Amino acid sequence: RQRIQALSEETAQSLKRNVYQNYRQFIETAREISYLESEMYQLSHILTEQKGIMEAVTQALLLQADRDDPALGARRAAAAADPFLPLSAKDAAASEEGRQRTLTTLLEKVEGCRDLLPESPGKYLVYNGDLVEYDADHMAQIQRVHAFLMNDCLLVATALPNRRGAYRYDALYPLDGLAVVNVKDNPPMKDMFKLLMFPESRIFQAENAKIKKEWLEVLEETKRNRALSEKRRLEQEALPRPAPAPPESTNPFDEEEEEEEEEEPSAEEEVVDLSLEWIQELPEDLDVCIAQRDFEGAVDLLDKLNEYLADKPASQPVKELRAKVDERVRQLTDVLVFELSPDRSLRGGPRATRRAVSQLIRLGQSTKACELFLKNRAAAVQTAIRQLRIEGATLLYIHKLCHVFFTSLLETAREFETDFAGNNGCYSAFVVWARSSMRMFVDAFSKQVFDSKESLSTAAECVKVAKEHCKQLSEIGLDLTFIIHALLVKDIKGALQSYKDIIIEATKHRNSEEMWRKMNLMTPEALGKLREEMRSCGVGNFDQYTGDDCWVNLSYTVVAFTKQTMAFLEEALKLYFPELHMVLLESLVEIILVAVQHVDYSLRCEQDPEKKAFIRQNASFLYETVLPVVEKRFEEGVGKPAKQLQDLRNASRLMRVNPESTTSVV
């Protein structure tokens with residue numbers, strides 16, 4: 001209990017000390033705040049006095065200027081009737097000197113804009129104020145800016161953090177390419193307006209609804225005044241200038257020539273009327289259409305202008321208008337090109353590109369539209385192939401790969417035919433693109449089928465699937481079978497030769513262990529299975545080589561050779577096309593020669609009469625049954641007989657006439 005009491009007293013003393021220290025810190029902080037408040041009050045008082053002095057000096061200067069020039073005072077009074085312009089803008093509108101002075105002050109306040117905004121006699125400040133910029137997509141606040149509206153451009157600057165009243169240059173937008181859009185209030189987002197300029201748009205928030213209204217009205221009024229001044233300038237340039245009077249001549253014959261010229265009516269140059277409202281607003285309307293992604297509306301305006309100026313002479317005002325419009329055409333073309341770039345989203349299939357492609361064709365850019373369309377589709381096909389998940393089963397992956405690729409190719413071909421129906425010159429580009437796309441497909445196909453060393457039966461089935469899908473393109477008159485053959489011939493040739501070598505090695509191995517004994521299959525089921533296998537190989541008379549009690553009057557080596565050779569032939573015929581004719585034929589001849597030479601050599605070397613009779617029976621089966629079946633099946637699969645196989649069988653028959661000969665065909 002005493003220990004607890006001692007700890008309680010110690011804790012109480014510690015709490016008292018902490019409270020006392022916190023109280024002293026609070027008193028010191030309060031004193032500092034009071035001192036800072038007094039300093040700020042004195043500073044604000046000094047600033048107020050300085051502001052009053054500056055206003056008094058300004059009023060004195062204005063009164064002195066009014067005394068020196070009464071007309072200046074009258075203009076200043078007239079400018080005061082405009083409620084939307086700030087005082088600085090009204091003074092700037094009064095005299096050229098005031099405008100230059102205001103512009104110079106602006107250049108001093110904004111860092112980095114002196115070179116971008118050179119002083120010129122016709123440039124002056126109209127309106128300025130603080131705004132808050134928001135992100136157009138997420139409506140998140142980005143930064144606070146100060147906007148300076150001049151009679152021909154809008155300057156946006158950001159405030160410097162450590163310097164009051166100083167700004168840093170951010171962007172400069174000419175009024176000719178600027179569109180102003182009111183943003184409907186949607187609490188808590190309100191008092192906002194959007195500025196549209198190619199290739200971006202920015203959203204700003206005013207301090208209140210009144211200032212937002214002033215910004216919208218002043219921007220529209222300034223743009224209107226800019227358009228009117230440009231219109232007056234064009235009209236003045238369009239007025240015909242009087243021709244200078246020719247010098248007086250003392251030649252009496254000149255008077256007669258002048259009389260003849262006066263009799264002939266001189267064709268005056270036709271003056272093109274560019275004062276129409278839609279022509280004056282055309283550059284601005286094009287900017288709005290481009291900013292709002294109204295590509296069809298922009299091209300419609302260009303077609304309307306081209307139709308209006310089709311039969312008009314190319315005067316200087318028309319050339320200047322064309323220059324302005326051509327700049328918008330370049331901007332529109334850049335936007336459409338970006339829409340078709342592979343960097344954009346590839347979702348939506350080929351139809352998603354139809355809008356941009358059709359407008360580029362209307363602009364006379366069919367070649368560029370074709371190139372960009374095909375690049376876009378190539379990127380889409382490549383992306384679709386890369387996104388395919390590689391399956392454990394090769395055949396399943398090939399089914400998916402063929403479905404994705406040939407479906408995309410077919411859709412692209414149909415969309416191309418729709419978009420470029422009137423541009424026959426683009427079809428050659430599509431054929432070249434289809435060939436390059438097929439090469440990309442074959443690379444993915446070969447990597448999965450041939451590089452992974454799949455069996456010949458699997459490779460044959462995969463090639464068969466690819467050919468069947470390729471035939472779908474014939475629906476639109478596009479046959480790419482010869483291309484897939486040309487691209488696969490090297491891999492298929494390598495696969496055939498590799499499998500041929502495997503069969504030859506297996507046959508030689510069996511030949512080395514050959515004892516020339518009959519086969520005993522032990523069970524009727526095994527014998528029935530062998531009969532079925534031989535029947536599927538095309539050997540219909542196999543029953544004459546079977547004996548009693550599941551015995552077969554043939555050697556195991558000859559039976560295994562027959563099954564393996566016929567399986568190779570069936571799979572090879574699935575892979576067959578004319579370029580592989582000699583490869584397949586030579587492979588068959590090499591395989592058959594291994595078995596034929598072994599039988600002939602055994603027939604010559606064997607001394608046992610009983611075994612020799614058995615070898616002759618196997619030779620008869622090989623020469624009279626197997627080789628004719630191979631010839632027949634090859635002719636059915638290829639479409640023409642093979643002279644090399646016939647010669648091989650005839651040479652073997654001649655050899656069997658004199659079995660005692662020790663010569664060899666090797």
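Helices here are DSSP runs of H or I with at least four residues, strands are E runs of at least two, and both are numbered from the N terminus.

## Ground rules

What you have above is a predicted model, where local features need pLDDT of at least 70, side-chain atom pairs count only at pLDDT 80 or more, and totals for chains, interfaces and linings use all residues. Residues are numbered from 1 along each chain as its sequence is written, and side-chain values use heavy atoms, with hydrogens and water left out.

## A valine in α15

Let's start with Val463, which lies in helix α15 (residues 456–470). With a relative accessible area of 1%, Val463 is buried (buried means under 20% relative accessible area, exposed over 50%, and partly exposed in between, using a 1.4 Å probe and protein chains only). His485 comes 22 residues away from Val463 along the chain, and the C-alpha atoms of the two are separated by 9.7 Å.

## The eight-strand sheet

Next up is an open sheet of eight strands, with mixed pairing and the order β1-β5-β4-β3-β2-β8-β7-β6. β1 (110–111) and β6 stand at its edges with a single partner strand each, so one side of each has no neighbour in the sheet. Pairing here means that DSSP finds at least two bridges between two strands. As background, strands of a sheet pair through backbone hydrogen bonds, either parallel or antiparallel.

Walk in from the β6 end and you get a run of antiparallel contacts. Strand β6 (residues 179–182) is joined to β7 by four bridges, running antiparallel, and Ala179 has Leu196 of β7 as its bridge partner. β7 in turn pairs with strand β8 (residues 200–205) over six bridges, again in the antiparallel sense. Leu196 turns up here too, standing opposite Ser201 in β8, while Leu195 has Arg202 of β8 as its bridge partner. Strand β7 (residues 192–197) has five of its six residues buried, so it is largely enclosed by the rest of the structure.

On we go: three bridges join β8 to strand β2 (residues 125–134), and these two run antiparallel. In this case, Tyr134 stands opposite Ile203 in β8. Elsewhere in the sheet, strand β4 (residues 153–159) and strand β5 (residues 167–174) are antiparallel as well, joined by seven bridges. Ala157 has Tyr169 of β5 as its bridge partner.

## The second largest pocket

At least two lining residues come from each of α5 (209–238), α7 (277–280), α8 (282–291) and α10 (316–340), with α5 giving the largest share, nine residues. By type, the lining divides into 14 charged, eight nonpolar and two polar residues (Ala, Val, Leu, Ile, Met, Phe, Trp, Tyr, Cys and Pro count as nonpolar, Asp, Glu, Lys and Arg as charged, and the others, Gly among them, as polar). Domain 2 (113–236) and domain 3 (277–488) both give residues to the lining, so the pocket lies between them; the domain bounds come from an automatic or database domain assignment.

## Cysteines without partners

The structure holds zero disulfides, a disulfide being a pair of cysteine sulfur atoms within 2.5 Å. For Cys370, the closest cysteine sulfur is in Cys426, 4.2 Å away and too far for a bond. Cys402 is in no disulfide either, with the nearest cysteine sulfur, that of Cys462, 8.1 Å away. Cys370 counts as buried at 4% relative accessibility, and Cys402 counts as buried at 0%.

## Two positive phi angles

Trp516 is not a glycine, yet it has a positive phi of about 50°. Trp516 sits in the loop between α16 (481–512) and β9 (519–520), and at 8% relative accessibility it counts as buried.

Met522, also not a glycine, has a positive phi of about 75°. Its place is the loop between β9 and α17 (524–536), and Met522 counts as exposed at 62% relative accessibility.
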